[in-house]
Amino acid sequence: MKKRKSSKVSLGDVARAAGISKTCVGYALQNRPGVSKITRERVLRIAKRLGYAPDARMTVLMESVRGAKSKELLPIAWLNTTIEKDAWQKYKFHTPLIEGARERALELGYRIEEIWTRERGMTMQRISQILWQRGIEGVIVTHPAKHLRLKWDHQACVSLGGNLLAPRLHQVIGDMNFNLLLALKVLRRHGYRRIGICLPEQVIWFAHREIRSIAYHFVATAAKSDRVPPLFYKGENEADLLDSEKQVQAWVFRHRPDVVVGTSSRLRNWVKATGARVPEDVGIVHLAVDDDLPDWAGIHSNRREMGATAAEWVISLVQNHRFGVPKIGLNMLVRGSWQPGWTLLIPKGK
């Protein structure tokens, strides 16, 4: 009896149909450098017409072989777009992000290589050259960058935080909307009635404006005697700081909230300046306590997990040769968890 011939289309079949080598076909299918855009598109059309599909088992095997041959950790770029070069090491609200990325990258055989975009003489063209020369295929873009004009064709990219407007990369961001709802739910459960939401205006951008709707809906559905209008103040840049402090203090004086929910570490001093005691008269709940405010009540936003997720995602894109700006940018939302602390009085038995 004749053995039935397999109908599986091989890499060689695609190469013969395209009239080029198997190596060239492999590079085109994996979106690797060295193949023109026209050739890549032609190979993809032929592969699709023939019904070619890669062997997943072989892909896993080859990745393990490459890993066994090279013991050196592969680089992933961490684009530091802050004004201060050492911001990711200096500030405790930043460090969990890069530490989480480093830890996860190391587990996967990679290392984080920081590149400061504001270095003297650094341009977008220069950064693209550095990435190419160092063989860096994966890039994590960090806040506060809003626009980056790099040559993205040979990089797998993920942005960390919701600042980046162009290009629209895949994003890993904290779920501010969920975190606010969780904080409000916990406060209601503990018996707080006059809950004041006090946030800087830039938070609205991070949460895609939904957080404003959540705040106003919360107030609208509360009993009339419990309603405290939300405050969205200017911000905490040096130019706005004094105005923001005055706004918050006037708001506390006028509306007398039992507890203030916000994202500023200055809230404690701003509230105390009104003559109120924290937490006896006014409690404070912070929406991102993490490493910089570990003894405050609020939401642990899991920044280490955010950094780890960004690293894992970009490494996955590299390994699957998903380079360039994605046609559809996806968002990965990381939810926070409640953390008790001294800034909030919890009645006994609660």
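Where is the place of R256? R256 sits in the loop between helix 11 (241–255) and strand 8 (259–262). Here helices (H or I, at least four residues) and strands (E, at least two) are DSSP runs, numbered from the N terminus.

## About the model

This is a predicted model, in which local features need pLDDT of at least 70 and side-chain atom pairs count only at pLDDT 80 or more, while totals for chains, interfaces and linings use all residues. Residues are numbered from 1 along each chain as its sequence is written, and side-chain values use heavy atoms, with hydrogens and water left out.

## Backbone details in the loops

Let us begin with the backbone. Most residues other than glycine have a negative phi, and most peptide bonds are trans. R256 is a residue other than glycine with a positive phi, near 50 degrees. H321 also has a positive phi, near 55 degrees, and is not a glycine. H321 lies in the loop between helix 13 (303–319) and strand 11 (331–334). With 15% relative accessibility, H321 counts as buried; buried means under 20% relative accessible area, exposed over 50%, and partly exposed in between (1.4 Å probe, protein chains only).

Next come the cis peptide bonds. One joins H143 and P144, with omega about 15 degrees, and P144 is in the loop between strand 3 (138–142) and strand 4 (156–160). Another joins V278 and P279, with omega about 10 degrees. P279 belongs to the loop between helix 12 (267–272) and strand 9 (283–286).

## Helix 1 meets helix 3

Two packed helices are described by the angle between their axes and the distance between the axes. For helix 1 (residues 11–18) and helix 3 (residues 37–50), the axes come within 10 Å and cross at roughly 120 degrees. Axes are lines fitted to C-alpha atoms, for helices over the stretch in contact, and angles run from 0 to 180 degrees between N-to-C directions. That angle makes helix 1 oblique to helix 3: angles under 35 degrees count as roughly parallel, over 145 as roughly antiparallel, 65 to 115 as roughly perpendicular, and the rest as oblique.

The crossing of helix 1 and helix 3 is right-handed. A crossing is right-handed if the near helix is turned clockwise from the far one by less than a right angle, and left-handed if anticlockwise. Helix 1 brings D13, V14, A17 and A18 to the contact, and helix 3 brings R42, V43, I46, A47 and L50; contact means heavy atoms within 4.5 Å. By class, this contact of helix 1 with helix 3 has 7 nonpolar, no polar and 2 charged residues. Ala, Val, Leu, Ile, Met, Phe, Trp, Tyr, Cys and Pro count as nonpolar, Asp, Glu, Lys and Arg as charged, and the others, Gly among them, as polar.

I20 is in the loop between helix 1 and helix 2 (22–29). At 24% relative accessibility, I20 counts as partly exposed. Not counting residues up to four places away in sequence, I20 touches A15, V25, T39, R42 and V43. I20 and T39 are 19 residues apart in sequence, with 9.6 Å between their C-alpha atoms.

## Helix 6 meets helix 13

Helix 6 (residues 95–107) packs with helix 13 at an angle of about 45 degrees, and their axes are 6 Å apart. The two helices are therefore oblique to each other. Helix 6 passes helix 13 in a right-handed crossing. Residues making the contact include L97, G100 and R104 of helix 6 and M306, A308 and I315 of helix 13. The residues of this contact divide into 8 nonpolar, 2 polar and 6 charged.

## Buried residues and their contacts

W152 is in the loop between strand 3 and strand 4. Its relative accessible area is 8%, so W152 is buried. Leaving aside neighbours within four places in sequence, W152 is in contact with several residues, among them V139, C157, L169 and F323. The C-alpha atoms of W152 and P326 are separated by 9.9 Å, although the two are 174 residues apart along the chain.

G298 belongs to strand 10 (residues 298–300) and, at 0% relative accessibility, counts as buried. Beyond neighbours within four places in sequence, the contacts of G298 include V285, H286 and W338.

How many disulfides does a search of the whole structure find? The search finds 0, a disulfide being a pair of cysteine sulfur atoms within 2.5 Å. C157 counts as buried at 2% relative accessibility, and C198 counts as buried at 0%.
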